[in-house]
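Dear colleague,

Please find below the structure that I am handing over to you. My findings follow directly after it.

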Amino acid sequence: MHPYIKPVYDAFTKQANKENAIGMKAYMLHQFNFFGIKTPLRDSIVKAHIKSHPLQDMNEIESIVIALWQMPNRELAYFAIDVFAANKKLWTPASIQLIEYCISSKSWWETVDGIASEWLGPYFKLFPEQILPITHKWNHSENIWLQRSSLLFQKSYKNETDTTLLSTYILHLKDSKEFFIKKAIGWALREYSKTNAEWVIHFVATNSLSALSKK
């Protein structure tokens with residue numbers, strides 16, 4: 001185990017709660033194991049560790065993230081999201097390879113949405129030249145989690161939202177039968193409606209979207 005990971009792993013093991021773990025696993029449809037640590041406690045452990053153990057090398061950070069991602073307990077994936085997000089100053093355009101790996105591996109809505117919030121928005125602001133080639137590829141892929149990411153990466157952009165891109169990506173996926181794509185379309189539109197409700201109302205009125213997306 002990487003020495004950076006071990007103190008947090010040990011703390012998670014010490015704070016493990018079997019009853020919580022059973023409930024968390026059931027909530028995630030029994031796909032992942034959990035220590036059973038609720039978010040406030042997990043955040044306090046992770047934030048203290050990140051603050052007291054600064055990292056300086058992107059290769060090491062990527063190794064840590066991949067190691068965490070491959071471990072069975074889901075809280076360690078959340079730890080990985082926090083570690084990578086805390087080191088934005090070291091990101092490079094090539095960091096998208098790690099990002100795509102994490103979106104596509106052991107995928108479920110909570111890690112994919114965490115990545116959208118903590119990684120994708122900041123990454124594409126740092127490297128805007130990557131937006132079109134990467135998100136177009138994701139939008140046209142067969143992987144629903146990459147598709148979902150193409151819809152959600154702008155959700156915090158507010159006035160900086162590229163509405164042409166947003167509408168293009170929504171319309172390409174609007175007939176998807178996947179629940180998580182329909183929900184992502186609705187979520188993306190709801191978030192942008194907080195900035196430009198008129199645009200969203202007009203878009204919904206003039207395009208045929210699923211009932212779930214509209215809701």
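The lining of the largest pocket receives at least two residues from each of α2, α3, α5 and α7. Helices here are DSSP runs (H or I, at least four residues; strands are E runs of at least two), numbered from the N terminus. A pocket is found on a 1 Å grid over the protein atoms alone: it is an open set of points where a 1.4 Å probe fits, with protein on both sides within 12 Å along at least five of seven lines, whereas a cavity is a set from which the probe cannot get out; lining residues have an atom within 4 Å of a point. The model is predicted, so local features need pLDDT of at least 70 and side-chain atom pairs count only at pLDDT 80 or more, while totals for chains, interfaces and linings use all residues. Residues are numbered from 1 along each chain as its sequence is written, and side-chain values use heavy atoms, with hydrogens and water left out.

The largest pocket holds about 370 Å³ of space, a volume being the space filled by probe spheres set on grid points that are joined across faces, edges and corners. Among its 17 lining residues, Met28, Thr39, Arg42, Tyr78 and Glu110 are the closest to the centre. The lining comprises eight nonpolar, two polar and seven charged residues. In this count Ala, Val, Leu, Ile, Met, Phe, Trp, Tyr, Cys and Pro are nonpolar, Asp, Glu, Lys and Arg are charged, and the others, Gly among them, are polar.

The volume of the second largest pocket is about 280 Å³. It is lined by 15 residues, of which Gly186, Trp187, Arg190, Ser213 and Lys215 are the closest to its centre. Two or more lining residues come from each of α11 (179-193), α12 (197-206) and α13 (211-214), and α11 gives the largest share, eight residues. By class, this lining has six nonpolar, three polar and six charged residues.

Helix α5 (residues 75-85) is largely enclosed by the rest of the structure, because ten of its eleven residues are buried. Buried means under 20% relative accessible area, exposed means over 50%, and partly exposed lies in between (1.4 Å probe, protein chains only). The buried residues of α5 include Tyr78, Phe79 and Phe84. They pack against α1, α2 (18-27), α3 (39-52), α4 (58-70), α6 and α7, contact being defined as heavy atoms within 4.5 Å.

Ile96 belongs to helix α6 (residues 96-104) and is buried, at 8% relative accessible area. Apart from neighbours within four places in sequence, Ile96 is in contact with Tyr123, Phe124, Gln130, Ile134 and Trp138.

In helix α10 (residues 163-173), the buried residues are Leu165, Leu166, Ser167, Tyr169, Ile170 and Leu173. Their cover includes α8 (131-139), α9, α11 and α12. The N-terminal end of α10 is capped by Asp162, with a side-chain oxygen 3.1 Å from the backbone nitrogen of Thr164.

Turning to charged pairs, there are nine salt bridges in the structure. A salt bridge is a side-chain nitrogen of Lys or Arg within 4 Å of a carboxyl oxygen of Asp or Glu.

One of them joins Asp113 and Arg148, whose closest N and O atoms are 2.8 Å apart. This pair links distant parts of the chain, 35 residues apart, with Asp113 in helix α7 (residues 109-126) and Arg148 in helix α9 (residues 144-152). Asp113 is buried at 9% relative accessibility, and Arg148 is buried at 5%. Not counting residues up to four places away in sequence, Arg148 touches Val112, Asp113, Phe180, Ile181, Lys183, Ala184 and Trp187.

Another salt bridge is formed by the side chains of Asp10 and Lys6, at 2.7 Å from N to O. Asp10 and Lys6 are about one helical turn apart because they lie four residues from each other in helix α1 (residues 6-14). Asp10 is partly exposed at 35% relative accessibility, as is Lys6 at 42%.

A salt bridge also connects Lys174 with Asp175, the closest N and O atoms being 3.3 Å apart. Asp175 counts as exposed, at 55% relative accessibility.

With kind regards

How values were computed:
Polar contact = N/O pair within 3.5 Å; in protein donor to acceptor, adjacent residues only side chain to side chain.
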